[in-house]
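I am opening my notebook on a structure that is new to me, and I will write down what I look up as I go.

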Amino acid sequence: QRNLADSEKARAAVSTSSAEGCQASQKDAATLEELARLVLGERRFAEAAGLFRRAESQWDLAAERCAGPLQQQAVQRRESAQADAYNAEHCSPRLQVAMEQTQRLRAAASGLSAPERQSESMVAETLWRDAMAQCKGAPLDLARNQAQAQAQERSTPWMPTRPAAPAQ
């Protein structure tokens with residue numbers, strides 16, 4: 001009886017510390033993800049990727065410390081953080097360049113001749129297609145949709161066209 005009571009007390013103590021460890025790990029991981037998103041918004045891509053990777057590790061730790069639905073949630077959030085880290089490092093810089101090119105094209109479209117507009121549209125589509133090769137998840141969908149939109153607006157066959165090198 002005493003041994004059983006001691007075992008139950010030990011199990012209760014472990015589960016209490018595990019629950020606290022689970023909550024702490026989840027809170028730390030969520031905080032790292034939030035910070036990574038802020039840094040990503042400031043276009044500090046390498047730093048954001050590093051923070052997402054740290055969040056990924058913290059979600060991994062949470063998955064070890066948690067049980068049941070919380071463990072499954074931690075595993076899913078870890079996978080999401082892994083994709084976000086990859087996109088921050090490889091995809092986001094390319095998306096940024098493609099977005100800027102598209103904005104410049106739209107701003108200057110009325111002042112461009114038809115051949116110039118077509119050429120600039122091909123540059124924008126090329127940049128979106130380059131981003132597609134480096135993106136995963138929602139950013140991939142964004143790049144694909146934007147490339148398709150450029151193709152539809154232009155309504156001519158696409159030929160890979162790189163932007164002109166900036167004058168030095």
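**Contacts and cores**

Leaving aside neighbours within four places in sequence, I find Trp 59 in contact with Gln 26, Ala 29, Ala 30, Glu 33, Ala 74, Arg 77, Arg 78 and Ala 81. I keep in mind throughout that this is a predicted model.

I next looked up the largest nonpolar core, which has 18 residues, and noted that Phe 52 and Trp 59 touch the most other members. The elements giving two or more residues to this core are α1 (2-41), α2 (45-65) and α3, and α2 provides the largest share, with 8 residues. Apart from this core I found another, of 11 residues, including Ala 98, Trp 128, Ala 131 and Ala 147.

**Helix α3**

I then asked how far apart the end C-alpha atoms of helix α3 are. Helix α3 covers residues 68-108, and at 1.5 Å a residue its 41 residues should span 60 Å, which agrees with the 55 Å I find between its end C-alpha atoms. I also noted a bend in α3 of about 50° at Cys 91, with a proline, Pro 93, following within four residues.

**Ser 92**

When I leave aside its neighbours within four places in sequence, I see Ser 92 in contact with Leu 40, Phe 45 and Asn 87.

How values were computed. Residues are numbered from 1 along each chain as its sequence is written. This is a predicted model: local features need pLDDT of at least 70, side-chain atom pairs count only at pLDDT 80 or more; totals for chains, interfaces and linings use all residues. Side-chain values use heavy atoms; hydrogens and water are left out. The expected span of a helix is 1.5 Å times one less than its number of residues. The bend at a residue is the angle between axes fitted to the seven residues ending there and the seven starting there. Contact means heavy atoms within 4.5 Å. A nonpolar core is a set of buried Ala, Val, Leu, Ile, Met, Phe, Trp, Tyr and Cys residues joined through side-chain atoms within 4.5 Å. Buried means under 20% relative accessible area, exposed over 50%, partly exposed in between (1.4 Å probe, protein chains only).
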